[in-house]
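Subject: Structure handover

Hi,

Here is the structure I promised to pass on. Have a look first, and my notes follow below.

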Amino acid sequence: MSFADKIKKFGHSEFVPDGWYWLISSKELKLGQARPAKFLNYDLVVYRGEDNEVRALDAYCPHMGAHLCDGKVEGNSIRCPFHFWKFNADGVCEDIPVLKEPVKVEQLKKYKCGEKYGLIWIWYGDNESTVEIPVVPELEGFTLDCTLGKPFVKECHPNVMMINAIDAHHFRSVHNLVADLEMEPKILSDSCIQFSNTTPMPQKNWFLRWATQFYAKALTYELTYWWGHTGSVMVGPDFLHFYIIFALRPNSEGKSEGQTILVTKQRSGVTGALFNKIVLYLTKLVGNYFATGDTLIFSRIKFKFKTPIKADRAILHFVDHYEKLSQNGFAVKEKEFKSCYPNDQMTL
Ligand code: FES
Ligand SMILES: [Fe+2]
């Protein structure tokens, strides 16, 4: 049995861990608006109620299957565009205009939503979970300024993309990096693993020797991964760290749909705001480099990790961590069936 045969979850699109997944940008959904959205095979309606909160429900009306995104948001509920049945934020039908009393109707599945970094996220898994949308550990507790990069699609599974940033082996071959990085893993929680470089700034030219004074210890390069699909990169000298979050989600074809988020601590005053604009712009350039790198390789890869070597140590830790993630609350197949065939009960 090869090493690859022992891997049951990592890089396998039939396994989808519980976690927060980005859905659409916040500015695409104004007060009182509804939009269609898709996560894996699930068609959803996302809408913003009068209280400014975002809700996500299964998209198809249990009456005849109209897509609710074409309906009307009323208060914190949504009314179907076809025969005007109305569903509340829990997906419960609360009004059928032609009936005095609404009959019992299949409840639409409700997805827990959150908003952060200018994005709307859904929690995939147990709706009672209290897990928060990820924050770079060094930025915990700070008010943040952030901006979004362009959404992108890569032809491979999110896990495979996430490998890239800890694959020190390929930095030399593909990116001609002069530094030898050693990524030390640290488990932060059941669903979060961090990798920090431990090697100092290389001394290969006068610029790098000069820059060494700004790095008290190692050359800062730290990755924090949540659920194997959303990760942050921290780079930069000790006096100014740059942070990029890569939010990835798998689609039903096993590809990665990604969104880059550039983040920094909020700074006060006009000078602070201007400074942050520059910092976020520079971060975006770095983010674009990461997001566009290795595109050709990812477009053709058939990921099978058959022959790990010593240089792949960090990746092995990542795989091991991912293999221990628990299975999500619902089976994809079962959900897919429900979503395609809305309620067929004959109660009337
Ligand atoms: S299809 Fe929605 S009310 Fe008829
Ligand atoms: Fe790369």
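A quick definition before the metal site: donors are N, O and S atoms within 2.8 Å of the metal (3.2 Å for Na, K and Ca), and since water is not among the atoms, sites may look incomplete. Bear in mind that this is a predicted model, where local features need pLDDT of at least 70 and side-chain atom pairs count only at pLDDT 80 or more, while totals for chains, interfaces and linings use all residues. Residues are numbered from 1 along each chain as its sequence is written, chains are lettered from A and ligands numbered from 1 in the order in which they are written, and side-chain values use heavy atoms, with hydrogens and water left out.

So, the iron ion (ligand 2). Its protein donors are Asn-164 (ND2), His-170 (NE2), His-175 (NE2) and Asp-294 (OD), at 2.0 to 2.7 Å. Along the chain they follow the spacing N-x5-H-x4-H-x118-D. The angles among the four donor atoms run from 66 to 163 degrees, and the site is irregular. For reference, four donors count as tetrahedral if all angles lie between 85 and 135 degrees; four count as square planar and six as octahedral if opposite donors are over 155 degrees apart and all others between 65 and 115; anything else is irregular. His-170 counts as buried because its relative accessibility is 8% (buried is under 20% relative accessible area, exposed over 50%, partly exposed in between, with a 1.4 Å probe and protein chains only).

Next, strand β16 (residues 230-235), where six of six residues are buried. Helices (H or I, at least four residues) and strands (E, at least two) are DSSP runs, numbered from the N terminus. Thr-230, Ser-232 and Met-234 cover one side of β16, with Gly-231, Val-233 and Val-235 on the other.

β16 runs antiparallel to β15 (residues 221-226), joined by six bridges; strands pair if DSSP finds at least two bridges between them. Thr-230 stands opposite Trp-226 there. The β15/β16 hairpin has three residues between its strands, and Trp-227 in the turn has a positive phi of about 55 degrees. Six bridges also join β16 to β17 (residues 242-250), again antiparallel, and here Thr-230 has Ala-247 as its bridge partner.

Finally, Thr-283 sits in helix α5 (residues 269-292) and is buried, because its relative accessibility is 0%. Leaving out residues up to four places away in sequence, Thr-283 touches Phe-242, Tyr-243, Ile-244 and Leu-262 (contact means heavy atoms within 4.5 Å).

Cheers
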